[in-house]
Amino acid sequence: MNKNNLKTKLANLKLKNPVITASGTFGFGTELDEYLSVKDLGAITLKGITVDKSEGNALPRIAETPAGVLNSIGLENPGIDNFKQEVIPEIATLEVPAIANISGYSVKDFVQLAESLEDEDCIDAIEVNVSCPNIKDGGMAFGTDPEMIYRVTREVAKVYSGTIIVKLSPNVTDIVKMAEAAVEGGADIISLINTLLGMAIDIDKKEPVLANTFGGLSGPAVKPVALRMVYQIYEAIDVPIIGMGGIMNGKDAIEFLLAGASAVGVGTATLRDPAASVTIVSQIKEYLEENNIENISEIIGEAHK
Amino acid sequence: MLVKDNEKVGPGIYKMALESEEKIKANPGQFIHLKIKNDSYDPLLRRPFSIFDINKKENLLTIVYKVCGRGTKLMSEIKSGEDVDILENLGNGFNLKNKNKNIVLIGGGMGIAPLYFLAKKLSENNNLRVLLGAQNKEELLFLKNKFSKLDLKLDNATIDGSLGFKGNVVDYLKSLIKDKQEIDYIYSCGPTAMLKELKKIVVNNDIQAEASLEERMGCGVGVCLSCTVRTINGNRRACKEGPVFPLKEVIFDE
């Protein structure tokens, strides 16, 4: 008997449990070996990659806010060629599904990235990041326009035959429109939310704390917004959802599952506790045990009455 | 780790001794990442502190910190006997291979903290001179007294002139170089502006030097890329490849 079964299925992704690391908080999968075993996770999402190598934004890139963090890393990454040569061989050795997160400054960039990952067997899905608030062109500019979300997704779907996740930005007036556009373009899974655009000001220096002025807010402070958006799109679309935004513990994760997410992303929690993601897996399991729930699938979307 | 004591040792300056159940392995220049509250998400992130001293016999690790924000303010209120969550042995410390050399240690402000642990190690086999800089005498008193018990030559510099050389510690180093003081190697830690100035001096005088950088950190374990340091070899993470870097390799913003 499969008691307290944590298995979850999202499109073609079969995960042993619903916990996925969020992009940009888990490096390329091997950095935290000292603190956890990646095979205990449902899947890992890799640090976002762009076509060309990127040095990222100026420092300071991080600022703490009440129960939250602002970041403006700016997608520092080795670029797709180095990623394929140096990172992919390492990923291939990991016993966990891996999701590559791709970011572009143009539709062409997204297509090129998706195309070059088409034959990489160790990449189980791509997450199309139309929502990074920290790059000047592209990124969030795509993610706030349903027509652009549709176009990017459709063009990526033409060249990539594997599972496509589209990651949405919360910096929009109507999240449902964005989700619908991604699904129409061919998204197999929707993940949300990316960070909320925000800022902090140093009152002694009388200037913004972040060198980039604005940054993306994450952590417990954004959880209610993220949860609301997952709840809203669950009613509107038929593809599975990866819910994320301030998930710090098993209780938070359960809330997202009840709101309609088939899996959850854990991000900022890892910056506080490197092993947070695996701790959350065991806390979800405890919840199932305590509530006599046989399969996690039973609670997905249960909060909708 | 268990907080053994947490006492005020200067204006807004505290010394916290932590007791570990396991053997402490840390090297000078490495840091710990301390979670201020276990039961609250505010403050959310840990705070990094370089190691001031360790006592292997008693399994004690000591940090010295200055209250400069909400996190450190809350830290200063932690009582003896409380448990704090710590990530240990983080980053790469100072090079300890130097022997029989004329070495100068330069610390500015709280950047002095990791140099004490380093001085204890290096003074065994080297001719050590230590230059400490701070705003005023009160800020320097505790640290200066600790160094003065070691086998080394100690100089102090204060901006207001209340102790030792009047001015910043890098200017004091310049005067030593002008007086033909022989220096084989420099170790340093302090604010970025100080290290930037120091880099010019070591480049101009062709002195080998390494510095521990104080960058704002997120995770402390190499995944968030908040503490990126620009070097001639490309971007490096202060928390992982650093915090200690060969000073000539660090690229400071103009």
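# A guided tour of chains A and B

Begin by selecting chain B, whose secondary structure consists of 5 helices and 16 strands. Its radius of gyration is 18 Å, close to the 18 Å that the globule rule gives for 254 residues, so chain B is as compact as a globular protein of that length. Along the principal axes, the C-alpha atoms of chain B fill a box of roughly 55 × 40 × 35 Å. Please bear in mind throughout that this is a predicted model.

**The two domains of chain B**

Next, colour chain B by domain: domain 1 covers 2–90, and domain 2 covers 102–213 + 245–249. The C-alpha centres of these two domains of chain B lie 24 Å apart. Their contact draws 15 residues from domain 1 of chain B and 12 residues from domain 2 of chain B.

Now display the side of domain 1 of chain B that touches domain 2 of chain B. Strand S1 (2–10), strand S5 (53–55) and strand S6 (60–66) of chain B are the elements that give two or more residues to this side. The largest share comes from S6(B), with 4 residues. Sorted by class, this side of domain 1 of chain B has 10 nonpolar, 3 polar and 2 charged residues.

**Across to chain A**

Then hide chain B and view chain A as a whole. Chain A has 9 helices and 16 strands. For 305 residues, a compact globule would have a radius of gyration near 19 Å, and the 18 Å of chain A agrees with this. The box filled by the C-alpha atoms of chain A, taken along the principal axes, is roughly 55 × 50 × 40 Å.

**Helices H2 and H4 of chain A**

Select residues 107–117 and 146–159 of chain A, which are helix H2 and helix H4. Their axes come within 9 Å and cross at roughly 30°. Because angles under 35 degrees count as roughly parallel, H2(A) is roughly parallel to H4(A). The crossing of H2(A) and H4(A) is right-handed.

Show the side chains at this contact. H2(A) contributes A:Val107, A:Phe110, A:Val111, A:Ala114 and A:Glu115, while H4(A) contributes A:Arg151, A:Val152, A:Glu155, A:Val156 and A:Val159. By class, the contact of H2(A) with H4(A) has 7 nonpolar, no polar and 3 charged residues.

**Helices H5 and H6 of chain A**

For the last stop, select helix H5 (residues 175–185) and helix H6 (residues 223–236) of chain A. The axes of H5(A) and H6(A) come within 9 Å and cross at roughly 50°, which makes H5(A) oblique to H6(A). Their crossing is right-handed.

Turn to the residues that make this contact. On H5(A) they are A:Ile175, A:Val176, A:Ala179 and A:Glu180, and on H6(A) they are A:Met229, A:Gln232, A:Ile233 and A:Ala236. The contact of H5(A) with H6(A) has 6 nonpolar, 1 polar and 1 charged residues.

Note on methods:
Residues numbered from 1 in each chain as written. Chains lettered and ligands numbered in written order. Predicted model: local features only at pLDDT ≥ 70, side-chain atom pairs only at ≥ 80, totals over all residues. Domains from an automatic or database assignment. Contact = placed C-beta atoms within 7 Å. Nonpolar A, V, L, I, M, F, W, Y, C, P; charged D, E, K, R; others polar. Axes fitted to C-alpha atoms, helices over the stretch in contact; angles between N-to-C directions. Parallel < 35°, antiparallel > 145°, perpendicular 65-115°, else oblique. Left-handed = near helix turned anticlockwise from the far one by under 90°. Rg over C-alpha atoms; globule rule 2.2 N^0.38 Å.
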